[in-house]
Amino acid sequence: MIITDLTIIDRLAEEAYANHPIFSIDLADYANLKRASDYIKAVKLETPSLTQECFDKLSQLIQEMGTDGMDEVILHITCNGNYSDDVTTKGIIELLVQIHNINPNACLMHGVSSKDSDESGYAILLLVGYTQK
C-alpha cells in the first residue's frame, strides 16, 4: 500500500529510526528529504527474507508510486530478531541497484537497523520525495 498521509509517514520514519542502528541515517536526513520535497510517498513492506520475490514486489510498488519527479529516496531496512549480515548486505545492495535502475537520477540514501524481536524477517521502509516540475 502506498502511503501519502504525512502524519503516518512521519510515524513510520520515527519507528524505523528508534531501533538499534547498524548503518543508519537519521531523522535529520528524513527532515532534509521533507524540506527538499514538494510531496512525499512511502511504502512499508514486511518480508521473511530478502528474496527476488521481495525485490520484484518493491519494484512494482515503486512503479505504482510513480517515478516522475522522484528526487530523493531513503531506503531503510529493519532486521528483526536473527538475521544474517551476509544475506542482509547482499539484499540491500540488490535493492539499491534495483531502485537506481528504476530512477538513476534520484538521490538515494539507505540505512539499516536491528530490532530485538522473537520474530525473524525484515521491514523495508521506502520514503520518496518528489518535486513538481
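User: Why is Cys107 called partly exposed?

Analyst: The relative accessible area of Cys107 is 39%. Buried would need under 20%, and exposed over 50%. The value for Cys107 falls in between, so the label is partly exposed. Keep in mind that this is a predicted model.

User: What makes Cys79 count as buried?

Analyst: Cys79 has 0% relative accessibility. The cut-off for buried is under 20%. Cys79 is therefore buried.

User: How do you know how many disulfides the structure has?

Analyst: The whole structure was searched, and the count is zero. Take Cys79: the nearest cysteine sulfur belongs to Cys54 and is 12 Å away. A disulfide requires two cysteine sulfur atoms within 2.5 Å. Cys79 is therefore in no disulfide.

User: Which residues touch the most other members of the largest nonpolar core?

Analyst: They are Leu58, Leu75, Ile77, Ile124 and Leu126. This core has 25 residues. Elements giving two or more residues to it are β3 (39-47), α3 (52-65), β4 (70-80), α4 (85-102) and β6 (121-130). Helix α3 gives the most, with six residues.

User: Which residues does the second core include?

Analyst: Ile3, Ile25, Ala42 and Met109 are among them. This core is separate and has 15 residues.

User: Why are β1 and β3 called paired strands?

Analyst: Pairing takes at least two bridges. Strand β1 (residues 2-3) is joined to β3 by two bridges, so the pair qualifies. The two strands run antiparallel. Ile3 has Ala42 in β3 as its bridge partner.

User: What makes β3 and β6 a pair?

Analyst: There are nine bridges between β3 and β6, against a requirement of at least two, so they pair. The sense is antiparallel. Leu45 has Ile124 in β6 as its bridge partner.

User: How do you know what Ile102 contacts beyond its sequence neighbours?

Analyst: The test is heavy atoms within 4.5 Å. Setting aside neighbours within four places in sequence, Ile102 contacts Ser59, Ile62, Gln63 and Thr67. Ile102 lies in helix α4.

User: How far apart are Ile102 and Ser59 in sequence and in space?

Analyst: In sequence, Ile102 and Ser59 are 43 residues apart. Their C-alpha atoms are 7.9 Å apart in space.

Definitions and conventions. Residues are numbered from 1 along each chain as its sequence is written. This is a predicted model: local features need pLDDT of at least 70, side-chain atom pairs count only at pLDDT 80 or more; totals for chains, interfaces and linings use all residues. Side-chain values use heavy atoms; hydrogens and water are left out. Buried means under 20% relative accessible area, exposed over 50%, partly exposed in between (1.4 Å probe, protein chains only). A nonpolar core is a set of buried Ala, Val, Leu, Ile, Met, Phe, Trp, Tyr and Cys residues joined through side-chain atoms within 4.5 Å. Helices (H or I, at least four residues) and strands (E, at least two) are DSSP runs, numbered from the N terminus.
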